[in-house]
Amino acid sequence: MNTKELLKKVRKIEIKTRRLSNHVFGGEYHSTFKGRGMTFSEVRQYQFGDDVRSIDWNVTARYNEPFVKVFEEERELTMMLVADVSGSEFFGSTETFKKDIITEIAATLAFSATQNNDKIGLLLFSDEVELYIPPKKGRSHVLRIIRELLEFQPKSKKTDLTQALKFLQNMMKRKAIVFILSDFLTDDYQHTLKIMGNKHDVTGIRVYDQREEEMPNVGMVQMQDEETSELIWVNTGSKSVRTSYAKYFSERTAYFHSSFRLSGSGSIDARTDESYVKKLLGYFKQRG
């Protein structure tokens with residue numbers, strides 16, 4: 001993709017996703033995540049109507065009268081977008097690849113955060129950390145993130161979410177809003193995700209294609225594994241082949257849902273041929 005084409009594509013995504021974030025997600029994002037970061041400000045004497053849960057018992061004991069802790073909302077939140085750039089993201093049975101949907105969702109979330117005057121960072125991963133962009137504010141920073149999502153060429157085609165989560169855990173010292181965008185066709189990340197979920201506000205957005213759920217019966221076809229580049233002949237007419245294919249997908253899906261639930265994190269399923277707008281809005285409203 002030459003520079004002119006890239007800029008045109010970035011502009012197209014900006015127009016589409018900015019409109020969404022301005023008119024649809026701006027308010028929802030703010031009401032969902034405002035007050036997630038609260039900083040201690042001061043203590044003052046208890047007044048009638050104060051929440052008893054905010055009483056500072058140490059100060060109360062010292063002065064023999066009730067004092068409450070006063071908190072103020074942190075003006076600034078940090079959002080980290082953690083995007084899968086492994087080979088399987090280049091799959092799509094329609095004109096849209098999983099990678100395209102990941103880019104659009106990430107851009108929409110980034111513009112929503114910008115509207116809230118939050119910082120946004122990006123981490124691209126395969127089976128290693130491919131790129132890390134530290135959190136910053138502003139439109140030009142968001143456009144850089146979109147450019148990377150569009151044109152970044154990963155060194156590896158494989159997937160290992162655990163490596164990305166460990167890296168982020170080391171980098172992010174303060175609580176952050178973390179969105180992980182992937183097809184989650186990987187496993188062994190449950191333990192690391194649980195540690196991550198204890199500190200950060202994590203949401204997994206699983207982007208998948210309808211053809212990954214169910215293999216169509218079209219006889220003998222040659223397929224390529226996007227992560228290993230291996231070419232193999234597959235008899236799609238075989239019921240057992242189609243059953244094991246569907247079983248693999250449903251197992252990965254179940255693992256995704258149970259892992260995020262056990263870690264206290266949120267999860268969203270976004271199929272490439274369905275509206276991710278409805279899915280995101282529903283999620284924000286449910287959490288708000």
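**Close-ups of a predicted model**

**View 1. What sits over the buried side of helix α6.** The cover over the buried residues of α6 includes α5 (161-171), β6 (177-182), β7 (201-208) and α8 (239-262). This is a predicted model, so keep that in mind for each view. Which residues of α6 (residues 190-199) are buried? They are T192, L193, M196 and G197. These four span an arc of only 135° around the axis, which means they lie on the same side of α6.

**View 2. Helices α3 and α4, packed together.** The axes of α3 and α4 (residues 139-151) are 10 Å apart and meet at an angle of about 170°. Since angles over 145 degrees count as roughly antiparallel, that makes α3 roughly antiparallel to α4. On the α3 side, the residues in contact include A106, A107, A110 and F111, while α4 brings in V142, L143 and I146, among others. Sorted by class, this contact has 9 nonpolar, 2 polar and 2 charged residues.

**View 3. The largest nonpolar core.** This core has 45 residues, and L81, I105, I146, F179 and I205 touch the most other members. Helix α3 (residues 98-115) gives the largest share, with 9 residues. Another core, of 20 residues, lies apart from it and has L193 and M172 among its members.

**View 4. Zooming in on I205.** Beyond its neighbours within four places in sequence, I205 is in contact with I105, L109, F179, I180, L181, S182, F184, I268 and L280.

Notes. Residues are numbered from 1 along each chain as its sequence is written. This is a predicted model: local features need pLDDT of at least 70, side-chain atom pairs count only at pLDDT 80 or more; totals for chains, interfaces and linings use all residues. Side-chain values use heavy atoms; hydrogens and water are left out. A nonpolar core is a set of buried Ala, Val, Leu, Ile, Met, Phe, Trp, Tyr and Cys residues joined through side-chain atoms within 4.5 Å. Buried means under 20% relative accessible area, exposed over 50%, partly exposed in between (1.4 Å probe, protein chains only). Helices (H or I, at least four residues) and strands (E, at least two) are DSSP runs, numbered from the N terminus. Contact means heavy atoms within 4.5 Å. The arc is that of the directions from the helix axis to the C-beta atoms. Axes are lines fitted to C-alpha atoms, for helices over the stretch in contact, and angles run from 0 to 180 degrees between N-to-C directions. Angles under 35 degrees count as roughly parallel, over 145 as roughly antiparallel, 65 to 115 as roughly perpendicular and the rest as oblique. Ala, Val, Leu, Ile, Met, Phe, Trp, Tyr, Cys and Pro count as nonpolar, Asp, Glu, Lys and Arg as charged, and the others, Gly among them, as polar.
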